[in-house]
Amino acid sequence: MAIDELEAQSFHWLVDMLESVEVGLVVLDLEFRVQAWNGFMENHSGITASKIRNRVLFELFPDIPEAWLTRKVDSVALLNTRAFTSWEQRPYLFKFRNTRPITGTEDYMFQNLTISPLSGTTGQVEKICLMVYDVTDIASGKRALERANEQLAKLSMTDRLTGLLNRGTWENLVDAEFERYRRYNQATSLVMFDIDFFKKVNDNYGHLAGDEVIKDTAATTKTNLRQSDSIGRYGGEEFGIVLPETDAEGARIICERIRESIEHSVVQTSVAPIRYTVSVGIAQLGDKPKSYMEWLQQADKALYAAKKGGRNRVVVFE
Ligand SMILES: Nc1nc2c(ncn2[C@@H]2O[C@H](COP(=O)(O)OP(=O)(O)OP(=O)(O)O)[C@@H](O)[C@H]2O)c(=O)[nH]1
């Protein structure tokens, strides 16, 4: 076989390979007109090589960030060096639908991109090659892991039944608020409250109905609070609220509103409609408590007084 014929054959194989490789290959001239478009690009875009040849890329793909790509390509051409971008910087350049059944959770194909300069015989950069790698499997795996980690972090901070902060997390907030008071001296109040005769709810209607009541307490309280107020589930049927920038009188008004909403609400459990009440203790932070624990004890004493005074009431620690 003549040398020329051999070369022609190997060129043919090479083109065949580039056509079928599982990487998107695009050759552009420096005016962004498409010069080559392989099978991967045809399959995922639905646009054939013959149709796109000599067309400006941005006309057919208006979603492509033109300024960004132009900047990248210009520096590749100027410096005659490759550039890379990962899906973490920019999820994709070409908005191709994700066609992989395993990673069906993602709508679009995640892509890594390499931009390579192609020099002519004179050594001048004449064309640019874009290599588009489908990294949907890697990206969706990493994103799922991140979501799971976020979920875990959230779960370790919250109470499963109510979604409120759990005791440990909430106590940390009380401690932080205590320290903030020592520095800035702004009025701050702490609330402890507890469902009245909750044992009877469990005894009469069962534990699951009791759980429904606890959830109702959490939901009703939350709707009566501001974003900056932190509510936690302190124990079984005991809750705590930190009210920043709120004095005892302000806290009393808020707590009366919560107490009344609960008194007038009816929890529609699967067993029976249940009415219930809560008792509330408030302690505005002053100079006395030497630690956040002492502050908690003050609020707890006020709660005890509310129970002793007949329940379904709000008492402020004196
Ligand atoms: N359903 C349910 N019950 C709980 C949960 N945690 C604690 N309890 C119950 O809450 C009840 C609390 O009872 P007590 O401490 O005697 O208080 P109480 O009956 O509310 O009486 P007072 O607080 O004095 O009004 C107990 O029966 C606990 O078993 C929970 O997560 N779900």
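1. Helix 5 (residues 66-79) lies across strand 3, strand 4 and strand 5 (125-134), running at about 40° to strand 4. Contact here is taken as C-beta atoms, placed from the backbone, within 7 Å, and the axes are lines fitted to C-alpha atoms, for helices over the stretch in contact, with angles from 0 to 180 degrees between N-to-C directions. Helices (H or I, at least four residues) and strands (E, at least two) are DSSP runs, numbered from the N terminus.

2. This is a predicted model, in which local features need pLDDT of at least 70 and side-chain atom pairs count only at pLDDT 80 or more, whereas totals for chains, interfaces and linings use all residues. Residues are numbered from 1 along each chain as its sequence is written.

3. The open sheet consists of five strands in the order 2-1-5-4-3, with antiparallel pairing, where two strands pair if DSSP finds at least two bridges between them. Strand 2 (34-37) and strand 3 (83-85) are at the edges with a single partner strand each, so one side of each has no neighbour in the sheet. Three bridges join strand 3 to strand 4 (residues 111-119), and threonine 85 has leucine 113 of strand 4 as its bridge partner.

Technical notes:
Two residues are in contact if their C-beta atoms, placed from the backbone, lie within 7 Å.
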